[in-house]
Every structure is written in structure tokens, then in C-alpha cells.
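Biologist: Hi! Could you walk me through this one? I'd like to start with the charged side chains.

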Amino acid sequence: MKRSKYHSISMEFSAQESVDAMKVEVETLIVGAKPEERTDAERNLRGFQRLFAQFINERYSVVEWGRVCPPPKDFIRTYESISKIKIPKDPKVILDKLVVLKLNGGLGTTMGCSGP
């Protein structure tokens with residue numbers, strides 16, 4: 001597999017240099033977008049740029065697990081209770097509230113999850 005020159009952008013540069021390099025690349029992509037796609041491309045790329053900067057700047061932060069609390073009992077619905085919910089005519093209403101959580105590797109097993 002051929003690696004691009006950006007393959008290890010965050011490994012070769014400091015955090016700020018990585019953020020600055022990404023900004024240059026995002027600007028290049030925005031300028032190169034088709035005029036009819038530029039507005040959407042800019043919005044999406046700026047969002048990615050913000051998330052990238054957040055990731056780079058916070059990747060060494062520590063989670064204070066003592067401050068993490070489980071959600072309230074009535075917050076999580078069981079599978080059995082979901083089938084009893086009246087589904088609105090417009091499926092977007094219910095899909096806007098859907099949350100999907102994917103656990104990779106051993107994380108799910110460690111947390112006591114089993115099966116699909």
C-alpha cells in the first residue's frame with residue numbers, strides 16, 4: 001500500500017504544526033471544490049478541521065473516571081419496551097433520537113456485553 005505524505009501527519013509534527021498543516025489542506029480542498037458543491041464542502045471540511053484540532057489538542061487529556069456516573073435508570077430503554085412505542089408517521093422523528101453504540105474488540109466483553 002502506498003502511503004501519502006500525510007499518512008503520519010500528527011507523528012511528524014507538533015500538535016500546532018499538525019493543526020496548521022490540516023488547515024492548509026482543508027483550504028486547498030475547499031478552493032478545489034466544484035462551485036455548486038463548495039458551500040457543502042466548506043461546511044463539512046470546516047467541521048472536520050474543528051474535530052481534528054480538538055482530537056490533536058486533547059489526545060493526551062485524562063478522563064477523570066471518578067466523575068463519570070451511570071445514566072438514570074429510566075434513561076436506558078430495554079429492547080422489550082422499544083416494541084411498545086408508538087411509531088410516528090414520519091420516521092425521521094424517531095430516527096432523530098436513535099443512538100447506535102458500537103464496541104470493538106474486547107471493550108464490550110470487558111463491560112459485560114455479550115452477543116449482538
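Predicted model: local features only at pLDDT ≥ 70, side-chain atom pairs only at ≥ 80, totals over all residues.

Biologist: Which side chain does Asp-96 meet in a salt bridge?

Modeller: That would be Lys-92, with an N to O distance of 3.1 Å.

Biologist: How many salt bridges does the structure hold?

Modeller: There are four. Another one links Glu-42 to Arg-46, whose closest N and O atoms are 3.4 Å apart. These two residues sit four apart in helix H3, about one turn of the helix. Arg-46 is partly exposed because its relative accessibility is 24%. Glu-42 and Arg-46 also belong to a network with Glu-27, joined by salt bridges that share partners.

Biologist: And what does Arg-43 pair with?

Modeller: Arg-43 forms a salt bridge with Asp-40, the closest N and O atoms being 3.1 Å apart. Both are in helix H3, which covers residues 38–58.

Biologist: Switching to pockets: how much space lies in the largest one?

Modeller: About 790 Å³. It is lined by 16 residues, and the closest to its centre are Arg-77, Ile-82, Lys-97, Leu-98 and Val-99.

Biologist: What's the lining like by class?

Modeller: It has 13 nonpolar residues, one polar and two charged. Helix H5 gives the most to the lining, with three residues.

Biologist: Which residues form the nonpolar patch on the surface?

Modeller: Ile-87, Ile-94, Leu-95, Leu-98 and Val-100, with about 530 Å² of accessible area together.

Biologist: Is Ile-87 buried or exposed?

Modeller: Exposed, because its relative accessibility is 64%. Ile-87 lies in the loop between helices H4 and H5.

Notes: Residues numbered from 1 in each chain as written. Heavy atoms only, no water. Patch = residues over 30% accessible without salt bridge, like charges linked within 9 Å, V, L, I, M, F, W, Y side chains within 5 Å. Areas by Shrake-Rupley, 256 points an atom, 1.4 Å probe, with all protein chains shown as cover. Buried < 20%, exposed > 50% of the residue type's maximum accessible area, 1.4 Å probe, protein only. 1 Å grid on protein atoms, 1.4 Å probe; cavity = no way out; pocket = protein on both sides within 12 Å on 5 of 7 lines; lining within 4 Å. Points joined across faces, edges and corners; volume = space filled by probe spheres on them. Nonpolar A, V, L, I, M, F, W, Y, C, P; charged D, E, K, R; others polar.
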